[in-house]
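Here is a short report for a first look at this structure. Keep the sequence and the 3D view open while reading.

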Amino acid sequence: MQHKRLLTVACLTIACTVGAQQAHADDFVVYSPHVVATQSEIELRGYQYDDPRADYHDGSAAELSLAHAFNSWWKAELYVAKYQKAPGEGEHLLGYEFENTFQL
């Protein structure tokens, strides 16, 4: 029983480490899971970085989302624009995202 528990913990640790290396910094934003009925929100997030090295100079990203809690346990959020500008490239649309929060 002890060996199974240790094996499970080791596998989860490895999976989290590998996943974290492939994830972007934006993937680790933690939000409150509390849903307040009829609450709406508009969220605009963005960043820009500057570095003296040409390969890392003038990169940026931004996203705009709209959310609404339809009742006391469900909030839907739509990212209507996600943009990214890599250094030395033009800005381009990454896509759209639909996110749901369920408070159980």
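## T101 and its contacts

Leaving aside residues up to four places away in sequence, T101 touches P33, V35, W73, W74 and K75. Contact means heavy atoms within 4.5 Å. T101 lies in strand 5. Strands are DSSP runs of E with at least two residues, helices are runs of H or I with at least four, and both are numbered from the N terminus.

Is T101 buried or exposed? T101 counts as buried because its relative accessibility is 19%. Buried means under 20% relative accessible area, exposed means over 50%, and partly exposed lies in between, with a 1.4 Å probe and protein chains only.

## Basis of the model

This is a predicted model, in which local features need pLDDT of at least 70, side-chain atom pairs count only at pLDDT 80 or more, and totals for chains, interfaces and linings use all residues. Residues are numbered from 1 along each chain as its sequence is written, and side-chain values use heavy atoms, with hydrogens and water left out.

The pLDDT is the predictor's confidence in each residue, from 0 to 100. Its mean over the chain is 76, and 67% of the residues reach 70 or more. Among the elements, helix 1 (residues 2-22) has the lowest mean pLDDT, 53. Strand 5 (residues 97-102) has the highest, 90. Over residues 18-23 the pLDDT is below 50, and this stretch has two contacts in the model beyond near neighbours in sequence.

## The chain as a whole

The chain has one helix and five strands. From the N terminus on, their order is α-β-β-β-β-β. Of the 104 residues, 19% are buried. Take the contacts with a separation of 6 or more: residues 24 or more positions apart account for 40% of them.

The chain exposes about 8,200 Å², and carbon and sulfur atoms supply 61% of it. Accessible areas come from the Shrake-Rupley method with a 1.4 Å probe; for residues, only the protein chains shown count as cover.

## Aromatic pairs

How many aromatic pairs does a search of the whole structure find? It finds two. Rings of Phe, Tyr and Trp (its six-membered ring) pair if their centres lie within 6.5 Å; planes under 30 degrees apart count as stacked, over 60 as edge-to-face and the rest as tilted.

F70 and W74 form a stacked pair, 4.8 Å centre to centre with 25 degrees between the planes. W74 is partly exposed, at 25% relative accessible area. W73 and F102 also form a stacked pair, at 6.3 Å and 20 degrees. W73 lies in the loop between strand 2 (59-69) and strand 3 (74-85) and F102 lies in strand 5, so this pair ties together parts that are 29 residues apart in sequence.

## A nonpolar patch

W73, F102 and L104 make a nonpolar surface patch of about 430 Å². W73 is partly exposed at 43% relative accessibility. F102 is partly exposed at 47%. L104 sits in the segment after strand 5 and counts as exposed, at 98%.

Q48 is in strand 1 (residues 40-49). Its relative accessibility is 59%, so Q48 counts as exposed. Q48 and D58 are 10 residues apart in sequence and 6.9 Å apart in space, C-alpha to C-alpha.

T38 is found in the loop between helix 1 and strand 1. T38 has a positive phi of about 65 degrees although it is not a glycine. T38 counts as exposed, at 61% relative accessibility.

How values were computed. Patches are made of residues with over 30% relative accessible area and no salt bridge: like charges are joined within 9 Å, nonpolar side chains (Val, Leu, Ile, Met, Phe, Trp, Tyr) within 5 Å. A salt bridge is a side-chain nitrogen of Lys or Arg within 4 Å of a carboxyl oxygen of Asp or Glu.
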